[in-house]
Amino acid sequence: MSVLGIHKKKIVISLAINIIAAIMLLVMFISGNTETIMFSKNSFFAITYILVAGVFEMVCIYGFFRYEVERAFGIIPAIIMTAVFYSLHHAGFQPEFLKLFFVGIMYVSVFYITKNIFSIFPCQSFPTVLEKIGKAVPG
């Protein structure tokens, strides 16, 4: 599991990075959001989906995929290919490929610094959760 970044090494610094990044993403989300944010029964399902999808992203993309590409081609190609795969993974519902590519670069770079998945999950999901809650409110 440590190859996937699931371990207790550097847990304090990983969680600190995660919380700081989540706050920055939250500020960006709130400054650009005009929708009402309310929690409801309908938004519970969206939140559950986002968190489950986040676990998939972290384990499969940043854990397994990144590790295998790194073993085959090295660190720099692994960073680039992981970011491309992350962007393509979101292509069906978030068409901003270039923006997602740079977010992917940021996530995988932070992961390489800490070697811990908790530096990028679960707090990175908070802005998406808030967005889904806002869209779940009947307007």
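The protein chain contains five helices and zero strands. Please bear in mind throughout that this is a predicted model. Read from the N terminus on, the order of the elements is α-α-α-α-α.

Let me give some totals for the chain. It has 139 residues, of which 34% are buried. The accessible surface of the protein chain is about 8,300 Å², and carbon and sulfur atoms account for 76% of that surface. As for contacts between residues at least 6 apart in sequence, 74% of them join residues at least 24 apart.

I now turn to one pair of helices: α3, covering residues 75-89, and α4, covering residues 97-114. At what angle do the axes of α3 and α4 cross? The angle is roughly 135 degrees, and the two axes come within 8 Å. Angles over 145 degrees would count as roughly antiparallel, and 65 to 115 as roughly perpendicular; α3 and α4 are therefore oblique to each other. Their crossing is right-handed.

Which residues make this contact? On the α3 side they are I75, A78, I79, I80, T82, A83, V84, Y86, S87 and L88. From α4 come F97, L100, F101, V103, G104, I105, Y107, V108, S109 and Y112.

Note on methods
Residues numbered from 1 in each chain as written. Predicted model: local features only at pLDDT ≥ 70, side-chain atom pairs only at ≥ 80, totals over all residues. Heavy atoms only, no water. Axes fitted to C-alpha atoms, helices over the stretch in contact; angles between N-to-C directions. Helix = DSSP H or I, 4+ residues; strand = E, 2+ residues; numbered from the N terminus. Parallel < 35°, antiparallel > 145°, perpendicular 65-115°, else oblique. Left-handed = near helix turned anticlockwise from the far one by under 90°. Contact = heavy atoms within 4.5 Å. Buried < 20%, exposed > 50% of the residue type's maximum accessible area, 1.4 Å probe, protein only. Areas by Shrake-Rupley, 256 points an atom, 1.4 Å probe, with all protein chains shown as cover.
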